[in-house]
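These are my notebook entries on a structure that I went through by topic. The sequence and the model come first, and the entries follow.

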Amino acid sequence: MFTFIRFVHSLSKICGVISTALIASAVLVTTQMVIVRYLFKMSTVWQTEYVIFSLAAATFIGAPYVLMKKGHVNVDLIPYYLNQKGKNILALVAAVLSLLFLVVLLYSSIQLTSHAWVKNLRTPTIWSFPLWKVYMFLPIGMGITVLQYLADIFSVIYKYEKMEKN
């Protein structure tokens, strides 16, 4: 079980690095776009779409890392008044409900991506970028986020059992 948790944490860290690289590339492309448009008075073709798509991809790919680091917004009012066992139960309920939502989102995103692949859908711009390349970040990110939730659930269960044995 610990091997699975360590593997998922490593995968989530890789996702964090990829997400950071996507954000950095979006910043560089935005800078390039501004220079090309305003300094050289030339038009841009692919830059706006690239920035939008890379930031969306960074959001989806970065989700497992944020979950692993507990970087999402928490409301700690109820856990504040609970003992450790209550906190663990609440954490498990929240994780299982979130996991169910993500499984549905993962399934839907796989359908969306495969539809874009089969139909060869493209953006309606001059760049005509294949949409499956954009959509694929959603099932990848959600799939790894599902694994991260499973690792979190196993971590809580293990800590809970460890406390009961002592």
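Entry 1: I looked up K70 and found it partly exposed, at 45% relative accessibility; by the rule I used, buried means under 20% relative accessible area, exposed over 50%, and partly exposed in between, with a 1.4 Å probe and protein chains only. The model is predicted, so local features need pLDDT of at least 70 and side-chain atom pairs count only at pLDDT 80 or more, while totals for chains, interfaces and linings use all residues. Residues are numbered from 1 along each chain as its sequence is written, and side-chain values use heavy atoms, with hydrogens and water left out.

I then searched the whole structure for salt bridges, each a side-chain nitrogen of Lys or Arg within 4 Å of a carboxyl oxygen of Asp or Glu, and the search gave one. The partners are D152 and K70, whose side chains meet at 3.1 Å, N to O. D152 lies in helix α6 and K70 in the loop between α2 and α3, so the pair ties together parts that are 82 residues apart in sequence. Helices are DSSP runs of H or I with at least four residues, strands are runs of E with at least two, and both are numbered from the N terminus.

Entry 2: Is D152 buried or exposed? I noted it as buried, at 11% relative accessibility. Helix α6, in which D152 is placed, covers residues 137-165. I set aside neighbours within four places in sequence and recorded H9, L67 and K70 as the contacts of D152, where contact means heavy atoms within 4.5 Å.

Entry 3: Beyond four places in sequence, I153 touches L92, A95, V96 and L99. I also checked I153 against I18: these are 135 residues apart along the chain, and their C-alpha atoms are separated by 25 Å.

Which residues make up the largest nonpolar core? I listed ten: L67, A95, L99, L102, L106, L138, M142, V146, Y149 and I153. The rule takes buried Ala, Val, Leu, Ile, Met, Phe, Trp, Tyr and Cys residues joined through side-chain atoms within 4.5 Å. Two or more residues come from each of α4 and α6, and α6 contributes the most, with five. For A95, a member of this core, I found contacts with Y149 and I153 once its neighbours within four places were left aside.

**Entry 4: aromatic pairs.** A pair of aromatic rings is described by the distance of the centres and the angle of the planes. I counted rings of Phe, Tyr and Trp (its six-membered ring) as paired if their centres lie within 6.5 Å; planes under 30 degrees apart are stacked, over 60 edge-to-face, and the rest tilted. The count by this rule is eight pairs. One of them is W46 with Y50, edge-to-face at 6.1 Å centre to centre and 80° between the planes. W46 is partly exposed at 32% relative accessible area, and Y50 is likewise partly exposed, at 25%.

W127 is partly exposed at 27%. I grouped W46, Y50, F53, W127 and F129 as one aromatic cluster.

**Entry 5: positive phi.** Most residues other than glycine have a negative phi. I recorded K41 with phi near 55°; K41 sits in the loop between α1 and α2 and is exposed at 68%. I also recorded N120, not a glycine, with a positive phi of about 50°. N120 is in the loop between α4 and α5 and is partly exposed at 43%.

**Entry 6: the nonpolar patch.** Helix α3 (residues 77-80) supplies the largest share of the patch, three residues. L82 is in the loop between α3 and α4 (84-118) and is partly exposed, with a relative accessible area of 32%.
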